[in-house]
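Subject: Structure handover

Hello,

Here is the structure we talked about. Please look through it with the notes below alongside.

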Amino acid sequence: MSMMKGFSNAFRIPELRKKILVTLGLVFVCRLVSQIPTPGVDWRALQQVIETARQSSSGGGLLDWFDVFTGGALGQCAIGFLSIWPYISAQIVIQLLSSVIPTLEKLKKEGESGRQQLAQITRYLTIVLCVVQSWGIATMLSHPGALGPAFAGAEIVVNPGLGFHLMTVIGMTSAALFVMWLADQITTFGIGNGASLIIMINITSRLPQALLSAWERYFGLAGVQASAPIAELPVLVIFFLLVVMGTVMLTQGVRKVTIHSTRRSVGGGNTYGMQQTFMPLRVNYTGVMPIIFAQPLIQIPSALLMKVTDATSTGFSGTLNRFAQDLSNPTALHMVVYAALIMFFAFFWVATQFNAVDISENLKKDGSYVPGIRPGRATAEYLDDMMTKITLIGGTGLLVVALIPMLLMGWMSVPWAIASFFGGTSLLIIVGVALDTLRIMESHLLVRKYDGFLSHGSLRGRSGV
């Protein structure tokens, strides 16, 4: 009831109502871009190739991963296929490099002017990534036989050649930059979190297909008989609600570190200090980054291995091909490697982004300290040890959420279109962005003396994609 009242109050505030309508309009334009097919591509032939690739590999592979995050743009090779991902990739690269390159690290600490320069560098890198990726897509469409012998006879491009390559590069790069601009407009004039919101909309756009697949699975559709007992449906619904609750707890969970500030004198003999505050260390500090890094690192090498090896061979080449197939499909080997990569990138991301030394130095300069811990190096070691323990808990929770879709596909034969909403990157992004958006709207409500979305307490945001 409080949630519905909060949404009702949101449209009573002119400024917030305008932000919501602007966001909806820009999101509609973004979805429109993802539906415009690339000129020169026979989309029916492309869909046949995609279906053949899906049949030769279990669901949840690289093609399904692309289809989810591009909002269905893969099926017709839309000019908006790249969507916001080159911009997100550029941001991740610059964020990582700023931790190891002194020049970028200096810009990061220079305040607003430094952030503007980093943003400009990110945009230039986005253009480079768009050109490289769109050229690769044009090459793959022109030579589908490179994907394997099964696709040798496919003719996806009507008139392949340099002209098609240039047209694809210009079209996809322009569309990606336009989507990047739309994301900036949503951040500036809309609700905020433009890039994250576009990704969430792309993912949720596949929800109708998931519901249709669920209906076909349990009730049948157009002469197709149901393939699963109806008693399984309420179990899945309850399980879905539990997973969502756990994901919300993982996203919102924090470990509060007590901080005391010393008493200081200011002009006029007044004093301040001796206050107790808390430093919140998020349980899921890494967000979805470990999953985003881990998934391509499994699928892309395994796809390359299957391409360069012979599945019919009984020697080393055949063994390597079978290994690549097991690595690509949701097998025990895939899940073990996937789990190891997620935990590795969870600690790697924290090691590169959480600087305990800088935090301890800033606390020391402000006259603050952790009770019972000496300021300086001892505080840095304490925070580093605390963050390591938190990362272990958060990484384990992230691992469980990431593996749930694979377990559903393996144990219950749930289709990827349905299982992808039960965990993994999709659910984490949807929950995280939804909480951020509600928090921004709630802040507008509270400032104008309206009730928020919760009866008690307030929503906490999170950073990252």
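A residue counts as buried when its relative accessible area is under 20%. That cut-off matters for Glu232: at 14% relative accessibility, it is buried. Please keep in mind throughout that this is a predicted model.

**Salt bridges**

How many salt bridges does a search of the whole structure find? The search returns four.

Glu232 pairs with Arg217 in a salt bridge, and their closest N and O atoms are 2.9 Å apart. Arg217 belongs to helix 10 and Glu232 to helix 11, so the bridge ties together parts that are 15 residues apart in sequence. Is Arg217 buried or exposed? With a relative accessible area of 8%, Arg217 is buried. Glu232, at 14%, is buried too.

Helix 16 supplies another pair, Arg377 and Glu381. Here the closest N and O atoms of the salt bridge are 3.2 Å apart. The two residues are four apart in the helix, so about one helical turn separates them. Arg377 is exposed, at 67% relative accessibility. Glu381 is partly exposed, at 46%.

Asp385 and Lys389 form a salt bridge as well, with closest N and O atoms 3.4 Å apart. This pair also sits in helix 16, four residues apart, and again the separation is about one helical turn. Asp385 is partly exposed, with a relative accessible area of 39%. An α-helix has 3.6 residues a turn, so residues three or four places apart point the same way.

**Overall make-up**

The protein has 18 helices and five strands. Of its 465 residues, 46% are buried. Take the contacts between residues at least 6 apart in sequence: 71% of them join residues at least 24 apart. The accessible surface is about 23500 Å². Carbon and sulfur atoms account for 66% of that surface.

**Nonpolar cores**

The largest nonpolar core holds 67 residues. Which residues have the most contacts inside it? They are Ile84, Tyr338 and Ile342. Helix 16 (residues 377-412) gives this core its largest share, nine residues.

A second, separate core has 19 residues, among them Leu74, Ala78, Phe81 and Cys130.

Back to Ile84. Setting aside neighbours within four places in sequence, Ile84 is in contact with Val179, Met180, Ala183, Ala195, Ile198 and Ile199.

Helix 12 covers residues 289-308. At 1.5 Å a residue, its 20 residues should span 28 Å, and the end C-alpha atoms are 30 Å apart, which agrees. Its buried residues include the run Met289, Pro290, Ile291, Ile292, Phe293, Ala294, Gln295 and Pro296. Ile298, Gln299 and Ser302 are buried in this helix as well.

Leu320 is one to click on. It is found in helix 13, residues 316-328. Leu320 is partly exposed, because its relative accessibility is 24%. Beyond neighbours within four places in sequence, Leu320 is in contact with Leu305 and Thr309. Leu320 and Val308 are 12 residues apart in sequence, and their C-alpha atoms are 9.6 Å apart.

**A nonpolar surface patch**

Five residues make a nonpolar surface patch of about 490 Å²: Leu212, Trp215, Phe219, Leu221 and Ile230. Where is Ile230 found? Ile230 is in the loop between helix 10 (207-219) and helix 11 (232-252). Ile230 is partly exposed, with a relative accessible area of 45%. Those two helices are also the ones that Arg217 and Glu232 tie together.

Best wishes

Key
Residues numbered from 1 in each chain as written. Predicted model: local features only at pLDDT ≥ 70, side-chain atom pairs only at ≥ 80, totals over all residues. Heavy atoms only, no water. Buried < 20%, exposed > 50% of the residue type's maximum accessible area, 1.4 Å probe, protein only. Contact = heavy atoms within 4.5 Å. Core = buried A, V, L, I, M, F, W, Y, C linked by side-chain atoms within 4.5 Å. Areas by Shrake-Rupley, 256 points an atom, 1.4 Å probe, with all protein chains shown as cover. Expected span 1.5 Å × (residues − 1). Patch = residues over 30% accessible without salt bridge, like charges linked within 9 Å, V, L, I, M, F, W, Y side chains within 5 Å. Salt bridge = Lys/Arg side-chain N within 4 Å of Asp/Glu carboxyl O.
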